[in-house]
Amino acid sequence: MSIFPRLRIEPETTAKLTKPFVAATLLLAPVFGSIVSATMVLAALLGVFQHMNNNFKISVSRPQLLIFKLIVVWFSVEALFGLLHFDGWMTIIEIGENLPFLGYIFFVSGLEHSSKPDLRRFVHLASPIAAFAALSVALFQVNLGAPRAEGGAGNPVPFAALCLIVFSCCMLTALATHGRARLLGIAGAGAAAASVIFSGTRGLWPCLVILPVALAVLYRKELRMAARREYIAIALILTTGLALTHKTIEKRLVRFDSEIEHFQSGSGKATSLKEHTQIWQAGWSLLSEAPLTGHGLGMNGELMKQQTSGTGSAPIGYSHFHNAILTEGVQSGIIGILALISMFFAPLALAFRSRVDEAGRHGFAIILVTTIIYAASGATGIMFGHDLMDMGWISAIAYGSFMVFGHGAEHGSFDTGETGGKRSNGPLAP
C-alpha cells in the first residue's frame, strides 16, 4: 500500500502541463531566474507523486535509464565524499542542492504523455518569444547602468549560458521551419545573441560562432535550400546586433587586452585574469593534496581563502574554482571527476550512436549545443553548483533525450503506464 494519497491525474492533464514546463525551464529561465528553479523542484516532486500513484511508469528506454544511473553514480560519489569530510549543515545543504538532478528520470517519463512533433513545434514557436523577452530584460538592466546584464539569474554567467540555449533553439527554428517562422527564428537568434553579449561573459562569446557552425553541419541540407531573403535577414540581424552591442564588445575587449598586458608585465594590479590564475593554482594544489577523495562539499570558499592568503593580495573565496574539473576534483577527487565526465558526456555519446528521425535529430541538436555551452562555461567558470545552471542542464538533457530516445503520445493517444496506450515510432521503438 502506497504511503501517498491516491489521486488520479489524467494523462491529458500531464500532457497539457508539459508545454508550460518546457517553456519555463528550457526557454524562460534567463528572464525569471530562480523562480524557474522552484518550478523544476516542484515538477520533480509532482513526478514522484504521480509515479507513486501509478499514473505513469518510469521510462523503460535503456539509454535514458543509463543516463539516470550515471547521474545517480555522480550524486552518490559527491554525497559519499561529502559525508566523509562532513562539515555540518553546509555539507547537507550541498548534497540537497544536487537532489534535482535525480528528477531527470521523472521528467523524461512525464514527457512520454506528450506528442514529440507537437512539443517540437511548440519549442520552435516559443523560442523567439523567449529571446526577445531576454533581450528586453538585458537592455533594461544595461540602460539602468548595470555593468553587465544578469537577467533574472542575478549572475551574468548563468544568464549568458541559458541565453545560449535559447539562441540555439532559435537557430533550430530558423533551420527546421519555413517562411515567416524561419524569419522569426533568425530574428530571435539575433536577440538571444545580443543578450549574451550584454552579459559581458567573454568566455562564452565564442559559442556564438561555434553553435551555428555545429547546427549548420547537422542541418546542412536545409541550409542549402535557404532562400535569398533569409540570407538578407541574417545580414540585417547581424548589422543591427553589432550596432546595438558594439560598445559592450569594445569595452570588454579593451579590458581583456589591458588584463593581458598587466599579466605579462608582472604588474601587481588585481585583474580578472590574475585572479583566475590564482584560483586555478589553488585548485590544482588542493587536488594534489587529496587526489582520491577530495576535500568534501561546502569547503571550497574556505579552502580557496587559505590557499590564496599568502599570494600578496587579498584572499579569494569563491564557491567554485572557475573550472568544472578542478571544482569537482577539490570536492570529490579523481573519482568524482570520472563520475562527472561520464554523466556529462553520456547523453551526447548515446544520442550520436542512435538511429534518429526528425524529432531525434532535433533532440540530438539540443544535447549537442547544451554539451558545448556547458563545456565552454565549465572551462573558465561555473558548470554545476548554481541552481539555474543545474536546472538548465537537467531540462535540456531531459527534453533532448526524450526527443531522441522517447516514444511519446501519438495524436492524443496516451500511455497511462497501466494500459499500454499507443506510442509513436521513436528512434528506439521496437
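This tour moves through the structure one selection at a time and states what is found at each stop.

**Before selecting anything**

The structure is a predicted model, in which local features require a pLDDT of at least 70 and side-chain atom pairs a pLDDT of 80 or more, while totals for chains, interfaces and linings use all residues. Residues are numbered from 1 along each chain as its sequence is written, and side-chain values use heavy atoms, with hydrogens and water left out.

**The whole chain**

Display the protein chain as a cartoon. It contains 17 helices and zero strands; these are DSSP runs numbered from the N terminus, with helices (H or I) of at least four residues and strands (E) of at least two. Of the 430 residues, 54% are buried, where buried means under 20% relative accessible area, exposed over 50%, and partly exposed in between (1.4 Å probe, protein chains only). Among contacts (heavy atoms within 4.5 Å) with a separation of 6 or more, 78% join residues 24 or more positions apart.

Colour the chain by pLDDT, the predictor's confidence in each residue from 0 to 100. The mean is 84, and 86% of residues reach 70 or more. Residues 411-430 fall below 50, although this stretch has 53 contacts in the model beyond near neighbours in sequence. Where pLDDT is low, the predicted coordinates should not be read in detail.

**The nonpolar cores**

Select Tyr104, Leu164, Phe167, Tyr374, Phe384 and Trp393. These residues have the most contacts inside the largest nonpolar core, which has 102 residues. Such a core is a set of buried Ala, Val, Leu, Ile, Met, Phe, Trp, Tyr and Cys residues joined through side-chain atoms within 4.5 Å. Helix H8 (residues 156-176) gives the most to this core, with 14 residues.

Centre the view on Tyr104. Leaving aside neighbours within four places in sequence, its contacts include Gln64, Phe68, Ile394 and Ser401. Next, select Ala282, Leu286, Leu303 and Val330, which are among the 11 residues of a second, separate core.

Select Leu83, Phe86, Trp89, Ile92 and Ile93. Together they make a nonpolar surface patch of about 570 Å². Patches of this kind consist of residues with over 30% relative accessible area and no salt bridge, with nonpolar side chains (Val, Leu, Ile, Met, Phe, Trp, Tyr) joined within 5 Å. Helix H5 (residues 89-97) gives the most to the patch, with three residues. Ile92 lies in helix H5 and is partly exposed, because its relative accessibility is 40%.

**The salt bridges**

Three salt bridges are counted, each a side-chain nitrogen of Lys or Arg within 4 Å of a carboxyl oxygen of Asp or Glu.

Select Asp118 and Arg121, whose side chains meet in a salt bridge (2.2 Å, N to O). The two are about one helical turn apart, because they are separated by three residues in helix H7 (residues 116-143). Asp118 is partly exposed, at 33% relative accessibility.

Move to Arg361 and Glu222, which form a salt bridge at 2.5 Å, N to O. This pair links distant parts of the chain, with Arg361 in helix H16 (residues 358-380) and Glu222 in helix H11 (residues 220-224), 139 residues apart. Arg361 is buried at 17% relative accessibility, and Glu222 is buried at 18%.

Glu358 is partly exposed, at 32% relative accessibility. Through shared partners, salt bridges join Glu222, Glu358 and Arg361 into one network.

Conventions. Patches are made of residues with over 30% relative accessible area and no salt bridge: like charges are joined within 9 Å, nonpolar side chains (Val, Leu, Ile, Met, Phe, Trp, Tyr) within 5 Å. Accessible areas come from the Shrake-Rupley method with a 1.4 Å probe; for residues, only the protein chains shown count as cover.
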